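Reader: Could you go through this model with me? I'd like to start with the contacts and then move on.
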Amino acid sequence: MSEIQLVELTVNGERHDLAIEPRRTLVDVLRHDIGLTGTHVGCEHGICGACTVLVDGAPVRACLVFAAQVEDADIRTVESLAEPDGTLSDLQREFSAHHGLQCGFCTPGFLMLAEGFLAERPDATKEEIREVVASNLCRCTGYQTIVEAVDACAARRRSG
Amino acid sequence: MKPAAFTYHRARSVSGAVGLLAELGDDAKVIAGGQSLVAMMNFRLARPEHLIDIARIPGLDTIVREGDALRVGALVTHHAVETADLGPDFRVLSEAMRWVGHLPIRTRGTVGGSIAHADATAEWCLLAVLLDARIVVEGPAGRRSIPAEEFFQGVFTTALEPDELIVEVEFPRPAPRATLTEFAERQGDFAIVAAAVDPDAPRVVLGGVAQVPLRVPAAEAVLAAGVAVAEVGEAAAAAIDVRDEPGASAHYRRALTRTLVTRACEEARTR
Ligand SMILES: Cc1cc2nc3c(=O)[nH]c(=O)nc-3n(C[C@H](O)[C@H](O)[C@H](O)COP(=O)(O)OP(=O)(O)OC[C@H]3O[C@@H](n4cnc5c(N)ncnc54)[C@H](O)[C@@H]3O)c2cc1C
Ligand code: FES
Ligand code: FES
């Protein structure tokens, strides 16, 4: 009983027409059908946040969404952050400068979480940033450097 | 793991969704935000053959103040409530949302989904009992409205019929002094114990100590008497029937109940 359904997704501004099984989650479609492997997958039940992407600007767990549910939505992945020539975004540069990553497995999820959060709350305090950073898991950094990186990015954006 | 195969349906109206539920029977499940259901499907704890996506049904995502009452549509997300300005009368709803999972869960998870899922520690289930909410559901025979205390019947069990859809949750009265607090081992986890109080009702409701959100009349009587708040916590801790379980002993749950009820009452008194 593996029905195929036509699903139209807009990822990083580009349209993709896909013939997929409805049970395909967004994270699997991004990685396997579209080939955008920047979005990682860890737990597949919403705990780790490695799969976090933006759907219409809001951070969501791509492992807890079927691709069919987000037709017509504007989906953004970590691949959208850097310039086409590879120049890193301000947020990515702050992660690098503050050692907000070590192995890097969690990094795409944290970047998209922070990108979505700061867009909605550009004036976020460090405490609010700390609470949001608690959404995702990192086994390497101890989180402090991630909080510093996001806070530095917010401060730099505010100072224009 | 990956979910089992299913057929995907997109409902355009409440009657359309109800019609599909009636037609497809036990093999069908509704999906709203998917923040409980997809996780269960990934584990194959749920394997519906048909999934009816209700997320695009128009009109179910609004919050409307009508006289004393606040009507919250089933598709309103936790995050929409968190960021809404509900005024002093219903601020407890916005404030409680920070306890529901994490931001990326709250951007998709819905009020109706939480109530239908009926986890006995879920903040929405506690709030519904605390504020005497009515759960408005629609089925093939039309609409009915169920008091929250009758709606929650047991572990993940509710008064909802398989062919009914929750369309709205109605909070009938302002609760400017109501508060909710809880304790979990990690920020964002489901609570071990959650406590909600409304001194004006008066109501004391606990999560994590019974199969459903539990009203504690003995503690409500003490709260109504207006004595020291610590006595309300003491009365709640004495009234509950908890057992030792892996991860939390009865002693620990009782201690958390005492502390959290007292804390919630203290917060309520500052308002
Ligand atoms: C990591 C993590 C942490 C979480 N932490 C918390 C927490 O601390 N507190 C908490 O309360 N929740 C928590 N949740 C669950 C979250 O709040 C869910 O959003 C909520 O339980 C379900 O809402 P949903 O819209 O996602 O429903 P879905 O997952 O789409 O559906 C859940 C169930 O409800 C049914 N349903 C959905 N909508 C309707 C409707 N309108 N009418 C009838 N039936 C319906 C579905 O058929 C299904 O059985 C957490 C989830 C995750 C993944
Ligand atoms: S893979 Fe999605 S939250 Fe872990
Ligand atoms: S950098 Fe290794 S898990 Fe976060």
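Reader: Which residue forms a salt bridge with B:Arg10?

Author: A:Glu71 does, with the closest N and O atoms 3.0 Å apart; a salt bridge here is a side-chain nitrogen of Lys or Arg within 4 Å of a carboxyl oxygen of Asp or Glu. This is a predicted model, in which local features need pLDDT of at least 70 and side-chain atom pairs count only at pLDDT 80 or more, while totals for chains, interfaces and linings use all residues. Residues are numbered from 1 along each chain as its sequence is written, chains are lettered from A in the order in which they are written, and side-chain values use heavy atoms, without hydrogens and water.

Reader: How many salt bridges does the rule find across the interface of chain B and chain A?

Author: The rule finds five across that interface.

Reader: And how many residues does each chain bring to the contact?

Author: Chain B brings 34 residues and chain A 31, where contact means heavy atoms within 4.5 Å. Together the two chains bury about 2700 Å², 55% of it on carbon and sulfur atoms, buried area being the accessible area (1.4 Å probe) that two parts lose on being put together, summed over both.
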